[in-house]
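Subject: Structure handover

Hi,

Here is the structure we talked about. Please load it first, then read the notes below.

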There are 2 protein chains.
Amino acid sequence: MAVRSPSQLCRRACAGAVVLALAALHGAAVQAAPGARTDDVNVFIGTGGDGHTFPGATRPFGMIQLSPDTQVRHFRQSYPWAAGYRYEDDSILGFSHTHFSGAGHSDLGDVLLMPASGEIKLDPGYPERPFSGYRSRFSHAEEHAEPGYYAVKLRDNAVDVELTASERVGLHRYRYKAGSAAKVLFDLRSSIYDYPGKNLWSRVRMRGADTVTGMRETRGWAPGRQLYFAIRFSRPFATHQLLNREEGVEYKGFAPPGKTASDKVQVEGKALEALFDFGDLRDAPLLVKVAVSAVSEDGALANLDEMPGWDFDAERRRAHDAWEGALGAVEIEAPQPMKRMVTTSLYHSMLAPSLFMDRDGRYRGPDNAVHQAEGFRFHSTFSLWDTYRALHPLLTLIQPAQRNADFVRSLVASQQASPYGILPVWQFAGLETWCMIGYHAVPVIADAYMKGLPGFDAEEALKAMTASADYGPYGGLEHYMKLGYVPIDLEPEAASKTVEYAFDDWTIARMAEKMGKKAVAAKYYARAKNWRNVFDRATGFVRARKSSGEFRTPFDPTQSNFGSDYTEGSAWQYSWYMPHDNAGLVGMLGGDAGLVAKIDQVFDARVDPAVYAHMEDISGLIGHYAHGNEPSHHVAYLYDYAGAPYKTQARLAQIVSSQYRDAPDGLAGNDDLGQTSAWLAFTALGFYPVAPGSNEYAIGRPFVQRAALNLPNGKRFIIRAEHFDPSNGYVGAVRLNGQPLARSFLRHDEIMAGGELVFTMQAAPDTAWGKDKSARPYSMTAY
Amino acid sequence: MAVRSPSQLCRRACAGAVVLALAALHGAAVQAAPGARTDDVNVFIGTGGDGHTFPGATRPFGMIQLSPDTQVRHFRQSYPWAAGYRYEDDSILGFSHTHFSGAGHSDLGDVLLMPASGEIKLDPGYPERPFSGYRSRFSHAEEHAEPGYYAVKLRDNAVDVELTASERVGLHRYRYKAGSAAKVLFDLRSSIYDYPGKNLWSRVRMRGADTVTGMRETRGWAPGRQLYFAIRFSRPFATHQLLNREEGVEYKGFAPPGKTASDKVQVEGKALEALFDFGDLRDAPLLVKVAVSAVSEDGALANLDEMPGWDFDAERRRAHDAWEGALGAVEIEAPQPMKRMVTTSLYHSMLAPSLFMDRDGRYRGPDNAVHQAEGFRFHSTFSLWDTYRALHPLLTLIQPAQRNADFVRSLVASQQASPYGILPVWQFAGLETWCMIGYHAVPVIADAYMKGLPGFDAEEALKAMTASADYGPYGGLEHYMKLGYVPIDLEPEAASKTVEYAFDDWTIARMAEKMGKKAVAAKYYARAKNWRNVFDRATGFVRARKSSGEFRTPFDPTQSNFGSDYTEGSAWQYSWYMPHDNAGLVGMLGGDAGLVAKIDQVFDARVDPAVYAHMEDISGLIGHYAHGNEPSHHVAYLYDYAGAPYKTQARLAQIVSSQYRDAPDGLAGNDDLGQTSAWLAFTALGFYPVAPGSNEYAIGRPFVQRAALNLPNGKRFIIRAEHFDPSNGYVGAVRLNGQPLARSFLRHDEIMAGGELVFTMQAAPDTAWGKDKSARPYSMTAY
């Protein structure tokens with residue numbers, strides 16, 4: 001197993017079992033019903049290693065991700081703590097309300113609260129020096145988490161903490177040590193990837209004796225992000241202190257009323273904190289609700305009303321029920337730990353794109369202005385370079401059409417509000433980050449359209465797609481449109497950009513064709529062939545050309561620096577990315593055998609770990625195959641396209657067994673907002689959407705005994721594996737609704753019609769099944 | 001003459017005549033009709049010395065004040081350049097769109113544009129080094145300004161600049177040197193009181209080839225102020241450059257599309273500039289419109305539509321007509337330069353409070369949130385410590401009732417949105433600055449109510465007033481309410497606060513009484529006596545007490561430091577501030593003779609200039625009398641209250657002749673958003689509102705031969721001076737509508753009824769007129 005994890009210590013410590021050991025912590029009233037699907041979610045998967053997931057409480061696609069943070073303030077290494085929490089850590093900084101699940105870059109961690117019994121320091125202190133600050137040691141033995149619920153005992157601060165959430169509200173329950181003053185510290189300075197100068201401005205405002213509102217504006221991953229919040233306590237605080245910790249300011253302005261920190265009604269500045277003292281609560285718990293808004297403090301207050309009562313257990317139950325409902329879209333029968341791994345992958349697939357709209361429909365768009373959503377719910381956190389591949393196709397199957405339409409309409413609304421007039425690239429909090437490459441909102445929308453998803457205006461959507469694909473200043477597009485490829489002397493990572501643009505173009509063509517727009521379709525079908533312009537037959541690799549036409553030299557197919565020919569990858573990883581034209585690839589490589597040989601080389605290469613060690617995103621290595629990063633995700637399925645599905649089946653077993661574990665470091669790389677998990681979810685079911693927009697799934701092999709897809713149209717699609725046994729690693733026969741299926745792909749409409757797909761597993765490879773050219777999945781050009 | 005002006009050079013150079021010398025600059029089509037009132041406005045009065053006025057283009061109470069700035073970037077002395085421009089300077093930094101008129105603190109100077117023919121540098125450079133930057137030398141001989149219009153020839157930049165404005169839009173007309181590229185530099189870094197770190201965040205966004213929008217957020221006088229703008233050119237630029245000049249940032253985020261400054265559609269950061277190149281325009285002018293908004297970029301764009309066309313001369317004419325209309329409220333007949341001084345004082349009285357609302361009624365309130373004005377127009381820039389005295393009473397007479405109602409409703413709406421639940425103290429851009437003392441929105445509202453001003457809800461208003469007067473954490477009010485005075489050991493400037501609170505309280509009582517709220521009236525009438533608690537009969541001065549009850553010692557009646565017993569004043573200046581109870585003051589001082597003697601001492605004292613030299617606001621000295629600051633403004637009228645109006649008449653002549661001039665340094669101190677000018681306007685007419693809320697004006701003597709007040713109710717009130725001659729400095733008799741007026745005060749209803757007030761001037765003082773106790777103006781307690 002090649003997971004590039006920094007911590008062997010963690011490998012030993014993080015047995016999956018520890019997670020379930022504390023189910024009755026605090027005698028919580030909610031006890032999941034026996035057999036509840038949430039019981040099979042290990043929310044700690046990915047919280048160690050390079051997974052970058054968070055263990056805290058959230059609802060499916062919820063606006064609030066309320067989770068413990070363990071990072072060290074002003075520690076400049078953003079990558080490992082991208083989700084705030086690392087399983088390897090032994091102290092908690094506090095509990096904040098916004099988190100990415102599995103991102104490769106970092107931000108968020110907004111509205112950090114930390115409770116303590118008795119005294120509490122105003123600065124976080126250091127993990128290696130207990131009691132040096134407000135951070136507190138904890139033990140995984142005294143920690144429990146499940147979908148929608150998180151609990152931990154803060155050892156140094158002597159508080160038992162429980163967290164749950166509705167869509168827009170995080171709910172905390174604190175139990176303090178009797179005889180001590182119950183305190184809550186709010187550190188508005190703190191965030192994930194928290195460097196000096198990140199906070200542009202902030203405000204904390206008292207709203208009576210139990211409520212606080214405010215805002216913070218940051219220059220993080222997204223520039224000028226304004227986050228508003230409302231905090232409400234279940235009982236009035238006895239005293240409060242509003243603190244401005246900023247020093248060395250040239251001009252602070254005239255002092256507002258209030259001589260002491262306790263008199264103040266409002267503070268403004270760059271380094272604010274607030275401290276609330278509730279006195280000795282004896283055994284009574286303190287509850288805290290927190291809502292956020294991108295629009296205004298009043299918006300956050302109104303969002304708070306989403307959760308009117310103070311019944312923590314009822315809220316926990318509602319969160320549990322919401323997850324049971326969401327996870328119920330796929331029923332899994334599989335031995336452990338596979339059942340837990342797959343169920344967790346479904347859980348991780350339903351965290352983003354997340355709701356990002358106030359209750360009244362207002363949201364902030366990519367122009368950093370406030371908009372009103374009409375007839376849809378605005379979602380953000382679009383990690384599109386990752387998620388167009390398998391996450392969105394998965395959500396098309398397991399989420400109501402309305403949710404998927406919300407995604408599409410959010411994308412189109414964003415394009416309409418974009419200063420650039422283009423669709424989101426990597427958007428969160430409504431704002432563009434310009435992270436990664438491509439215009440991959442395009443395949444998300446095209447795939448939804450091709451699958452007949454209702455609820456959005458195709459004309460508007462196509463306009464948004466072509467505007468994005470034709471926006472010259474973006475990523476070398478002006479050259480791409482002129483030359484048919486992105487020239488490396490004018491634009492970095494030109495090879496990756498060319499092949500990804502070609503795929504995106506193909507999805508536009510597909511959609512335009514279906515809409516009857518022949519000229520548009522023809523234009524983008526032509527562009528869809530552009531991957532050929534960067535395929536070097538001589539070496540058998542995709543390479544970057546210069547504007548003069550020559551391939552850039554010297555050429556090293558293992559090179560993978562930033563600014564190289566490729567994006568987070570090497571020629572060994574990027575040369576097989578024309579998922580809409582794998583027959584074309586077969587042709588380039590001299591036939592089926594050529595492709596099979598090349599992909600075999602990818603997996604079987606003996607690669608010095610030093611080759612990719614400098615690229616933190618290239619992880620999960622099997623030879624040159626890097627399961628920890630997205631360019632590899634479709635690669636194992638490529639054998640199908642060369643008529644060798646049995647090789648796909650073998651590679652999948654190799655990947656699944658080495659790259660996923662039921663443990664904190666159980667992901668080979670960043671979960672990337674659910675893409676890495678969605679890969680497992682699809683793969684476990686036995687098929688994978690290699691080319692979104694094709695309405696086909698390449699068939700692999702199932703890793704579960706039985707699964708049922710409870711489809712959004714009310715139909716039910718069953719997957720069953722006969723002779724399911726670790727020793728039977730190959731598919732012998734496939735039957736769809738009782739009829740033998742001779743092809744190595746499944747059509748979307750076949751799934752949506754409901755029915756049963758039965759795999760007969762066997763020990764020996766079946767080299768004949770799927771060999772015929774007509775049996776192979778879609779390709780733009782003929783086999 | 002004791003004007004504390006730094007520049008004797010200016011005294012020599014700034015003859016009033018220079019202003020009119022250039023009326024035909026650029027052969028402008030608009031030529032004021034002979035006898036136009038605007039001809040008698042010298043907009044340069046106050047632009048030198050300590051006046052802090054600006055010479056640029058604006059409409060009455062307009063949202064845009066488009067004016068040249070001459071200050072030096074990052075030069076830390078904020079006070080002298082509070083309006084951006086100083087007449088003493090010989091180079092212009094650029095033209096910006098927001099300015100205070102006469103403030104004692106500084107901010108604004110938003111959206112600075114600078115044109116140049118040919119090359120232009122990106123940094124401003126230094127006045128002493130011509131061509132070191134984009135700033136350009138100019139000469140007053142090549143400068144012309146009149147209400148609503150400003151023109152100058154930029155010598156170094158070779159551009160003739162003209163400026164005019166509508167309410168929300170500034171309009172520039174540039175004439176470039178033929179044969180050179182016409183350029184416009186936009187420096188979004190620049191502002192008035194421009195120190196490193198002031199810019200929190202900013203954005204510039206291209207909107208096609210002729211329009212730019214954006215925002216800037218600053219921590220200036222008001223914290224976290226967001227200003228949005230829209231700039232539109234009369235023709236497309238050939239090229240643009242968007243620049244981010246910020247250096248040394250830890251994390252700049254991923255790069256948005258656009259490789260060069262010319263490709264960029266948007267920049268975000270803290271130090272932005274934009275450069276527009278229009279190529280050689282030959283002789284064609286370039287016009288630029290700029291609108292601002294506190295709400296959003298779209299709000300600024302919509303505000304731009306207020307001025308649909310591109311006819312500069314027509315816009316200039318509209319601005320001219322607007323000022324003719326506004327100035328028409330008072331017709332003045334007086335010899336020059338008095339006519340010009342008084343007309344200019346009227347002009348300066350109609351610049352603030354200014355409109356601060358988008359065309360759709362949205363505005364930003366003191367909670368820094370967006371609100372919708374319903375049924376009124378939100379105004380801001382309330383310099384209330386100054387303007388409650390004479391400016392608001394003047395505007396009640398010379399502006400439509402609707403405008404005054406807008407002021408009141410803006411104040412009440414601000415209270416309702418205030419995080420503190422109190423009325424504005426010193427508000428601009430909708431935001432509170434906490435500058436100066438008192439709750440002087442209260443007398444503004446009470447005076448409006450007492451005068452029967454329609455258009456606001458008295459119940460809501462009174463609630464806002466009492467909430468402000470009873471807000472304990474503000475300015476020692478909790479102690480004031482307990483002890484009957486503000487104790488100096490717990491709150492600085494306690495003596496000034498006590499006497500001002502007592503006056504404000506009296507105005508609440510007056511209003512409550514008229515509303516029939518006896519309990520409220522009784523409570524605040526009782527508080528209105530609190531000035532007595534800080535009057536020390538032993539020394540005959542108002543002094544600060546400690547919470548133990550003793551007066552603070554040592555006591556020096558000339559002391560005036562920050563944090564002393566007084567606010568920008570000494571005991572000699574602050575001891576006569578109980579304008580609602582001057583009979584009480586007479587009693588304290590042992591009768592009429594006591595008051596007369598004390599006020600004579602104030603004026604006649606021989607004061608070493610060093611005594612007040614450390615306090616920049618204490619200027620315009622005549623003895624201890626400081627006409628440059630507001631606590632003195634009513635003092636000359638106090639003789640009326642001791643039965644000696646002839647002494648008031650003499651002192652007024654002394655003040656008017658020494659403290660006002662028809663020249664750039666023609667104001668004795670800051671104009672303070674029109675208060676210093678409103679003093680002259682009233683005084684010139686012959687009466688002054690010593691105690692707003694009393695519905696009375698103390699009679700002084702006229703400084704004009706004849707004046708007509710064209711009142712907002714359609715009536716006309718004439719003031720006439722018989723035997724008007726410099727040698728006749730005293731009033732012999734007064735007739736109201738033909739009947740002798742034996743009293744030294746005029747009632748508001750007498751003015752509003754229309755009619756004629758005739759003063760018969762004479763050389764000798766009439767010591768009998770106004771001597772009788774019944775003839776004296778209002779006092780809360782009996783004479």
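Start with a proline in chain B. Pro353(B) sits in a loop, with helix H5 (338-348) on one side and strand E20 (354-355) of chain B on the other. Its peptide bond with Ala352(B) is cis, with omega about -10 degrees. Bear in mind that this is a predicted model.

Chain B has another cis bond to look at. This one runs from Thr553(B) to Pro554(B), with omega near -5 degrees. Pro554(B) is also in a loop, between strand E28 (541-542) and helix H14 (571-574) of chain B.

One more backbone point in chain B. His52(B) is not a glycine, yet its phi is positive, at about 65 degrees. The loop that holds His52(B) runs between helix H2 (17-20) and strand E1 (57-58) of chain B.

Helix packing, chain B

Two packed helices are described by the angle between their axes and the distance between the axes. In chain B, take helix H10 (residues 458-469) and helix H12 (residues 494-514). They pack at an angle of about 150 degrees, and their axes are 11 Å apart. Angles over 145 degrees count as roughly antiparallel, so H10(B) is roughly antiparallel to H12(B). The crossing of H10(B) and H12(B) is left-handed.

Which residues make the contact? H10(B) brings Leu462(B), Met465(B), Thr466(B) and Ala469(B). H12(B) brings Asp504(B), Asp505(B), Ile508(B), Met511(B) and Ala512(B). Sorted by class, the contact of H10(B) with H12(B) has 6 nonpolar, 1 polar and 2 charged residues.

Helix packing, chain A

Now chain A. Helix H10 (residues 458-469) of chain A and helix H12 (residues 494-514) of chain A cross at roughly 150 degrees, and their axes come within 11 Å. H10(A) and H12(A) are therefore roughly antiparallel to each other. The crossing of H10(A) and H12(A) is left-handed.

On the H10(A) side, the residues are Leu462(A), Met465(A), Thr466(A) and Ala469(A). They meet Asp504(A), Asp505(A), Ile508(A), Met511(A) and Ala512(A) in H12(A). The class count for the contact of H10(A) with H12(A) is 6 nonpolar, 1 polar and 2 charged residues.

Sheets in chain B

Strands of a sheet pair through backbone hydrogen bonds, either parallel or antiparallel. One open sheet in chain B has 6 strands, in the order E19-E33-E34-E38-E35-E36, with mixed pairing. Its edge strands are E19 (330-333) and E36 (739-740) of chain B, and each pairs on one side only. Within this sheet, look at strand E33 (residues 706-710) and strand E34 (residues 716-722) of chain B. They run antiparallel and are joined by 5 bridges. Asn710(B) stands opposite Arg716(B) in E34(B).

Another open sheet in chain B has 3 strands, in the order E31-E32-E37, and the pairing is antiparallel. Strand E31 (687-688) and strand E37 (745-747) of chain B are at the edges with a single partner strand each, so one side of each is left without a neighbour in the sheet. E31(B) pairs with strand E32 (residues 696-699) of chain B over 2 bridges, in the antiparallel sense. Phe687(B) stands opposite Ile699(B) in E32(B).

Chain A against chain B

How many residues does each chain give to the contact? Chain A gives 35 residues and chain B gives 35 residues. On the chain A side, the elements that give two or more residues are strand E12 (199-206), strand E16 (266-269) and helix H3 (297-304). E12(A) supplies the largest share of that side, 4 residues. The chain A side divides into 20 nonpolar, 7 polar and 8 charged residues.

Domains on record, chain A

UniProt, in an unreviewed entry, places "domain: Glycosyl hydrolase family 92 N-terminal" at residues 41-293 of chain A. In the model, that span is 0% helix and 41% strand. The end C-alpha atoms of residues 41-293 of chain A lie 29 Å apart.

UniProt also places "domain: Glycosyl hydrolase family" (unreviewed entry) at residues 300-762 of chain A. Residues 300-762 of chain A are 39% helix and 14% strand. The end C-alpha atoms there are 57 Å apart.

Best wishes

How values were computed. Residues are numbered from 1 along each chain as its sequence is written. Chains are lettered from A and ligands numbered from 1 in the order in which they are written. This is a predicted model: local features need pLDDT of at least 70, side-chain atom pairs count only at pLDDT 80 or more; totals for chains, interfaces and linings use all residues. Axes are lines fitted to C-alpha atoms, for helices over the stretch in contact, and angles run from 0 to 180 degrees between N-to-C directions. Angles under 35 degrees count as roughly parallel, over 145 as roughly antiparallel, 65 to 115 as roughly perpendicular and the rest as oblique. A crossing is left-handed if the near helix is turned anticlockwise from the far one by less than a right angle, and right-handed if clockwise. Two residues are in contact if their C-beta atoms, placed from the backbone, lie within 7 Å. Ala, Val, Leu, Ile, Met, Phe, Trp, Tyr, Cys and Pro count as nonpolar, Asp, Glu, Lys and Arg as charged, and the others, Gly among them, as polar. Two strands pair if DSSP finds at least two bridges between them. UniProt positions are given in the numbering used here, feature names are shortened, and annotations may be inferred rather than shown by experiment.
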